[in-house]
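Trainee: Before we discuss this chain, could we have its sequence and model side by side, and then go through some of its residues and helices one at a time?

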Amino acid sequence: MKRSWWTACLSVLVISSLLLMSACGGGNGTNSPGNNGGSDAADGESKDTAKSGEQVVIRHTMYDTEFTSELVAEFEKTHPNIKVEIVSADYNKLMAMMAAGNGPDIIRTNSVTELPGFVLKGMAMDLTENFQASKVFNIEDFLPVVNQFKYDIASGKHGEGAIYGFPKDWSPDYTIYYNKKLFEEAGVPFPSSTEAMTWQELVELANKLTVKNGKKTTQYGLAYYNSTIAANQDLLNLQLLQRGSSMFSADFSQAELDKPGTKDLLNFWLDTAKSGIGPSPLQQETDWGGQLFVDNKAAIIIAGYWFSGFLKTNELTKDRLDDFGVAPAPVVEGGKRISPTGAGTGAIIYKNTKHPKEAWEVFEWFFGAEPAVERAKAGYGLPGTKTLTEMLPQESAFDKMNYDFIQNELQYTDGSLPYNPYLNYQAVNSIIDKYFTPVYFDKDTVDGAVQKMTEELNTLITEGKQLVSP
C-alpha cells in the first residue's frame, strides 16, 4: 500500500536525521502531487477569516537579517490588523511542521533547487492571479529570473506555468570575477566583459595564472564560491543546460550519467582537477573560494553579482576595488550561452495558510514595495524587475562596471538548471563525492563511478516517487 507523502515524511524525520540522504530530505526533497485549483485564487477571502478588528498573525521563515525587526515594525505600523512573526526552521523542521498541518504562511524558498519540489508536495499556493491583480507588481516588468518561480505540474517543466513565488534577490551565479593585478603579473590579457569564453578556454586561462612552489600551489588560477574545481552537480548542471541536456531522463525518473555527453564532462572535470588549477579533492583547502580570492590566492572566482557587494565590504578589498574585473559565465563548446541563477532565493505562500489575504499583503509589501526598492539600491543582489534594476548602484567606477556588465548579461539569464525534483540536493552532492573522489586518486575509473552513482541515484529516485505517490 502506498503511503501519503506527509505521513511518510514525518515518519522518516522521526526515525533518523541520516535520511537527509534520502529523497525525503533537504532542499530538493521528494514531492507529492499537488493541484492549483480554485482554493489558490486571489479572491481576497481568508480561509479562516478573522473577525473585524481582530489581529491576524502571519508567520514566515525569512532570515531575521532579511526581514528585520525594523521592517516588521514598519509593516505593522501601516497594517495594524497583521502581526508578523519569524519562524526559524531548517528543512527538517519545516517538513515536520508541514506534516503536522502547522506550516508557516510564507516560506523562504530557493527557486532553483526547492521550488519544483515544494509545488509537487502541495506546499505552494498558485499566486498567478495575485500577481495579475496586484497594484504593486507588474508582470510585464518581470525579469526572466521570475520564471524560476514557475512550474507546470502537468508537463513537469520548471520555468513554465503558474507563478508560485518571487525572488528577494538573485545573481547570475556563474559570473567570473578576476584579479587584474595577478593577470598583469602573469602577463595575461584581461578577458572580455561581453563575450563568453568556453569552459576549456577558462581552464587554459587559469593554468597560466596558477603559481606553484615545487609541488605546493601558492596561487590558484580558478576557484568556485560554492565548491571545488572538480565534478559537482552545480557546474555539471550548468554545462548540461547549455547543451540542452541533463543527468536524468526527461521525466526525471532515471539517472542517465552514462550518456556520452555527461561522461565527457566528468572526464573534463577529472582532467581539470588533476591539472591543479584550483582547489579539489587532490588539493584541499579549508577556506572557501571567496577568501582565497581576497587573499590573492586565486586569480579568478566563479561567483555571482552578490560577490561585488562582498568585495565592497571586505576589509581586504574595499579600498582596492579597481583591482577587479568581471566577465561572463563560460559556455560549453557548441552550446547555448546561458548564465542562470544558481539559487534565486525568495519565498512562496503556504497553500494551506489560514490567512491567504493577509499573507499576500505581507508578501506583496516585502517583495514588491519599499523593502525591495531599498534592497536594489543597496546592490547586494539583483531585483526581480526591470524597473528596480535601474536603481542598482552606479556611483563608483566599480559599481558602474558591474551595472554595465549586468545590463548585457541579463539577456542570457533565462534557463532552469536541471536539478531532479525527486532528489535531495545534498544527497546528490554526497553521491558524487562518495563515488567520484576515488577516481581522482586512480582508485576507480569514470565508468566505474558512473555505474555506482547511477545505481544509487536510481534507488533514491524510486524511493522518492513512491513517497510522492497518492
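Trainee: Is D442 buried or exposed?

Mentor: This is a predicted model, in which local features need pLDDT of at least 70, side-chain atom pairs count only at pLDDT 80 or more, and totals for chains, interfaces and linings use all residues. Residues are numbered from 1 along each chain as its sequence is written, and side-chain values use heavy atoms, with hydrogens and water left out. D442 lies in the loop between α16 (425–440) and α17 (446–468), where helices (H or I, at least four residues) and strands (E, at least two) are DSSP runs numbered from the N terminus. Buried means under 20% relative accessible area, exposed over 50% and partly exposed in between, with a 1.4 Å probe and protein chains only; because its relative accessible area is 59%, D442 is exposed.

Trainee: What is the phi of F252, and is the residue buried or exposed?

Mentor: F252 is found in the loop between α8 (233–242) and α9. Most residues other than glycine have a negative phi, whereas the phi of F252 is positive, near 65°. With a relative accessibility of 16%, F252 counts as buried.

Trainee: Which residue caps the N-terminal end of α3?

Mentor: A polar contact is a pair of N or O atoms within 3.5 Å; within protein, one must be able to donate a hydrogen and the other to accept it, and residues adjacent in sequence count only if both atoms are side-chain atoms. At the N-terminal end of α3, a side-chain oxygen lies 3.3 Å from the backbone nitrogen of N92, and the residue that provides this cap is D90.

Trainee: How far apart are the C-alpha atoms of H355 and I58?

Mentor: H355 lies in the loop between β14 (345–349) and α12 (356–368), and H355 is buried, with a relative accessible area of 13%. Although H355 and I58 are 297 residues apart along the chain, their C-alpha atoms are separated by 7.7 Å.
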